Amino acid sequence: MSNHQKILAAIPGIFFRKPSPEEADYVNEGDVVNEGDTIGLIEVMKTFYEVKAESAGVIESFLISNEEIVEAGQELAVLNGQSK
Amino acid sequence: MIKVISPGLQTTVQDGGRIGFYEVGMPPSGAMDKYSYTVSNLLVGNNENAATLEITYLGPVLEFQEDALIALTGGEIPPKINGEAVPMWEALSVKAGDRLSFDFVKQGARVYLAVAGGIDVPVIMGSRSTYTLCGIGGLEGRPLQANDQLVIGADRLHSVQAGARVADELIPLFSKKHEIRVVLGLCSYRLTEESKERFFSIDWSVTPEANRVGYRFKGERLNFVEREQPFGAGSNPSNVVDLGYPIGSIQVPDGVEPIALLNDAVTGGGYATIATIISTDLNKMGQIKTNETVKFVSVSIEEALAARKEEKDKLNAIKEQLYLGTGGVINE
């Protein structure tokens, strides 16, 4: 049974998929993540807020590109929480 | 005591502000949306200048370790007690052990949490407000962190019953498009007539660089009148000889991306300030989020003062409504 969950932006700002410009993306589509893993950052007010997976699963797709502007509550990624 | 389980994005202790030190370079700090802040204190019977928590974008999780009367006002970041939705703009009774948490922000940007008695932190230069850039005021001069303990003070003047509520017509509504009223000046003469006209006709969008210090806007380049820069002014056409910056003043460094200076901003410098946000609309500014749009509207000083009086009348109406028959109305 697959269980699709949307990972939402808690705050408005700029979405980043990597910790810094020189580093690799936190996760790629198809990667397995654990509960609490960081999947991206949102920058607002010179503060970086870590976006975390709320449960374990596979990142099925990102709905927002790196450095795109997001609104609070916007869907960032789809997590397939199927049992491993 | 109130225990901080998780702090939110930027939750700080704020009161009416550190007033009277502007000339030595100390900005006032204090609640960004003074109307919502004041109403939160009124709802729990506090001294109007009692310290509250200012919550920005993302709410904290707080655990009350004693019974308390609280009120939440400001933008809509839907609050929950023990997971159950509770209303804003209403005095709420919480019990020891209760947990206050929040849903994602819906409208506005900042919520004020008043606790009957206020948040008790040391008074620095006449205020409990947090000024993070200097690391003073509030709790150790910084935003809240997990495991902080907040002490409830004794800044209470009136006894208000849980369930007391502000009338709907006195609750401000926030949207994603904002009109912000400004008084032209001090250095608007530096802009070309065309740029002055454009400043008031376009929709400015709020960048992610928008916090208690200031809000930066994106729109289009504004041009300054060409001149030979006077002695003492910087070489960029947006520079003037240093002046004190009014709170709420708008400057346009190099003509790109206007910045509105707010509660925690630098108090003076050498950029031309082209307009100043009127005091009542500073409250609205505090409820604007990154990515939203602002249209600036030019008003006269008389209109600004009339708006201020109207807001004061609203606060007096709330006081009458809350305190009539519970020990009298205190109006100065």
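A:Leu8 stands opposite A:Glu75 in strand E8 of chain A, and this pair belongs to an antiparallel pairing of strand E1 (residues 4–8) with E8(A) over 5 bridges. The model is predicted, so that local features need pLDDT of at least 70 and side-chain atom pairs count only at pLDDT 80 or more, while totals for chains, interfaces and linings use all residues. Residues are numbered from 1 along each chain as its sequence is written, chains are lettered from A and ligands numbered from 1 in the order in which they are written, and side-chain values use heavy atoms, with hydrogens and water left out.

Strands (E, at least two residues) and helices (H or I, at least four) are DSSP runs numbered from the N terminus, and two strands pair if DSSP finds at least two bridges between them.

| Strands | Bridges |
|---|---|
| E1 (residues 4–8) and E8 | 5 bridges |
| E6 (residues 57–62) and E8 | 4 bridges |
| E2 (residues 13–16) and E4 (residues 38–44) | 3 bridges |

In the pairing of E6(A) with E8(A), A:Ile59 stands opposite A:Leu79. Of the 6 residues of strand E8 (residues 75–80) of chain A, 5 are buried, where buried means under 20% relative accessible area with a 1.4 Å probe and protein chains only.

In chain B, B:Gln287 lies in the loop between helix H3 (279–285) and strand E20 (293–298), and it counts as buried because its relative accessibility is 0%. A polar atom of the B:Gln287 side chain lies 2.8 Å from the backbone oxygen of B:Arg110.

Notes
Buried means under 20% relative accessible area, exposed over 50%, partly exposed in between (1.4 Å probe, protein chains only). A polar contact is a pair of N or O atoms within 3.5 Å; within protein, one must be able to donate a hydrogen and the other to accept it, and residues adjacent in sequence count only if both atoms are side-chain atoms.
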